[in-house]
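Please look through the sequence and the fold shown here before reading on.

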Amino acid sequence: MKQTVVWMLVGLIVTLLVTNARADIPSDFRPPSVPLIVMDPLTEVWISSDNLTDGRAASWYGARRSMAGLVSVDGDVYRFAGAADATMGTSGIPVAQQVGYATVTPTSSAYQFTAGGVLLTVQYTTPFLAAELDFMSRPVTYITLTAESTDGRSHTVHVYVDSSAEIAVNDVNEQVQWQRVPQASGLTALR
């Protein structure tokens, strides 16, 4: 019981220190690596380049974790995530212009891009909230995408997000088996 109370107090103090320190973080703050997907020590993806499209995503210990993010604005396709990569099919696709650095909080990282008259916001959120154990126990990172017009016109926007099978293995030489599983909702999941 005493140990639990001590850990709760330590957690509260750390939370207060982090909350107060956040006000002092400059707007151009950029950590050495930005967490994108961080569910557990074996399932995590980080980007260490200034722009989400400049380098290859990797695990904290350096294993490759290829990914791709594409946005189609009025039929023109732009790359907003992942390096140009022939294996991911993203070579030769123009890059969406990243606006500033990533915004990093304890539970999410967000980027903004402009492309074809649209501001695209991409937010990776892993709900590690100590007060919400149901959320914390889910091995999932949510990717939220929003698009808004920057030129006052209406636009047709489609988004494609993908990651390679490298995220499921420790060594890129390991084989991965997958299948499509129809869901009751009408969606198809990959397992």
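Read along its sequence, the protein follows the pattern α-β-β-β-β-β-β-β-β-α-β-β-β-β, which amounts to two helices and twelve strands; helices (H or I, at least four residues) and strands (E, at least two) are DSSP runs, numbered from the N terminus. The model is a predicted one, in which local features need pLDDT of at least 70 and side-chain atom pairs count only at pLDDT 80 or more, while totals for chains, interfaces and linings use all residues. Residues are numbered from 1 along each chain as its sequence is written, and side-chain values use heavy atoms, with hydrogens and water left out.

Three of the strands form an open sheet in the order E4-E3-E10, with antiparallel pairing, where two strands pair if DSSP finds at least two bridges between them. Its edges are strand E4 (76-81) and strand E10 (157-163), each of which pairs on one side only. On average, and with direction ignored, neighbouring strands of this sheet are turned by 20° against each other, the axes being lines fitted to C-alpha atoms and the angles running from 0 to 180 degrees between N-to-C directions.

Within this sheet, strand E3 (residues 67-73) runs antiparallel to E10 and is joined to it by seven bridges. Valine 73 has valine 157 as its bridge partner in E10.

For the protein as a whole, 32% of the 191 residues are buried, that is, under 20% relative accessible area with a 1.4 Å probe and protein chains only. Among contacts (heavy atoms within 4.5 Å) with a separation of 6 or more, 41% are between residues 24 or more positions apart.

Key: Buried means under 20% relative accessible area, exposed over 50%, partly exposed in between (1.4 Å probe, protein chains only).
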